[in-house]
Amino acid sequence: MTSSDRSQAVDEKRSYEVRTYGCQMNVHDSERLSGLLEDAGYVRAPEGSDGDADVVVFNTCAVRENADNKLYGNLGRLAPMKTKRPGMQIAVGGCLAQKDRDTIVKKAPWVDVVFGTHNIGKLPVLLERARIQEEAQVEIAESLEAFPSTLPTRRESAYAAWVSISVGCNNTCTFCIVPALRGKEEDRRPGDILAEVEALVAEGVSEITLLGQNVNAYGSDLGDREAFSKLLRACGEIEGLERVRFTSPHPRDFTDDVIAAMAETPNVMPQLHMPMQSGSDPILKAMRRSYRQERFLGIIEKVRAAIPHAAISTDIIVGFPGETEEDFQQTMHAVREARFANAFTFQYSKRPGTPAADMDGQIPKEVVQERYMRLVALQEEISWDENKKQVGRTLEVMVAEGEGRKDGATHRLSGRAPDNRLVHFTKPEAEVRPGDVVTVDITYAAPHHLLAEGPTLTVRRTRAGDAWEKRNAAPAEPAGVMLGIPTLGVPAPLPAVASGCSVPASS
């Protein structure tokens, strides 16, 4: 876009809205899409505009069986609005766009732009081309054109941030379509990653989450098997960076040097999300998961030996094709042995384009549902028991934004403990901002949160809190591209997607 085009766009104040579906990788991509649009002169539409923007972008996920139905339903609701508003544009990107390509325009001819996972940087150009030529622009790249982190970014918060260290995946899990849509793993250079982290910290960010489709495979593209543990240790040297997390690792690549780096680097948090998917060796083989139950539980044991207070979470699929009651009981056994702090559990559903969708032995829905309910009941019991062990502990809690839906009524604030457990605490008399850190005594535990009902012991104002305060004092209309952090994801875990998309499920 030329400078005159950009000026015209600013003068017209064309607004945009990005709707995101799926995993953290998509959330992070949407930050890039927002940054690109603002760099091109667009302004963000007010919250709750519900399609009333000049440009509506759908960043899609292809993991769910009915992902396309959801997309076309939403596109259908926008069609009459587009008819009434000349100049309105609709764009569809992400995994479903990479997968379906021309099908989207055939089913929804009112769509202006279709772009894939490898060329999100082309969105402003494609919108402009569609406007000038008055016809849909479909452009799907087969390989990555530019690493997403080189693109402008509009982050949504000021105290925590995603930092992508790799894209793509080299695994071939039979339930997962992600490698086909995002390609083979490509790693960023460590210096580029650390430079981004340092820039974020300079802006006030105090917590980062290293993000990858298979995050601990980092280094395979660089020829260094210990690159990930070295990266964790390097993050420990960055002054002002208080909390480091990562998601999602694969058990195959979880090596002793990573455990040592976690245990020995003070700002790497005592938290691990590691997808198990099944506890049955035959099912893991059918899934093409390259580990077995004994190996998985062995990793858990090593992590707990090195980091006794670590909170470990996982992903589990129930009802994978061919799963017998005996297979399911092996999953239940593994859950009892692992004592997960929480688990994202899924009923298997066919993902079009995956090998598992055509496997024999598809399990009846009612059988899958019944097993799922038994697994959820067991995990709820374990989660509650594990949380009860936190009662009486004194924890440092980073205050979060939007974590406690009932905080206004209960006169509480909410935040995350170092192990990422959600903590609701009594609102202190002193002013506390998102990004600040409080110290509290835990008095009560529920399955999915902790309570600190007594007085707050200490309040530590932080540079992250200063950054949050500065951002919220700024004008409502952003000028250019801002640094900061996504409201979704860090520090709160996103609602999980069906295993197979990048995170929390790992392929």
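Close-up 1. C61 is found in the loop that lies between strand 3 (55-60) and helix 3 (67-84). Helices (H or I, at least four residues) and strands (E, at least two) are DSSP runs, numbered from the N terminus. The model is predicted: local features need pLDDT of at least 70, side-chain atom pairs count only at pLDDT 80 or more, and totals for chains, interfaces and linings use all residues. Residues are numbered from 1 along each chain as its sequence is written, and side-chain values use heavy atoms, with hydrogens and water left out.

**Close-up 2. The annotated cysteines.** An unreviewed UniProt entry places the feature "binding site" at C23, C61 and C95. They span 73 residues in sequence, yet no two of their C-alpha atoms are more than 10.6 Å apart, so they gather at one spot. UniProt positions are given in the numbering used here, feature names are shortened, and annotations may be inferred rather than shown by experiment. C23 lies in the loop between strand 1 (15-20) and helix 2 (24-39), and its 1% relative accessibility makes C23 buried.

Close-up 3. T443 occupies the loop between strand 18 (437-441) and strand 19 (444-445) and, at 37% relative accessibility, counts as partly exposed. Leaving aside neighbours within four places in sequence, T443 is in contact (heavy atoms within 4.5 Å) with V391, L451, A452, E453 and G454.

Notes. Buried means under 20% relative accessible area, exposed over 50%, partly exposed in between (1.4 Å probe, protein chains only).
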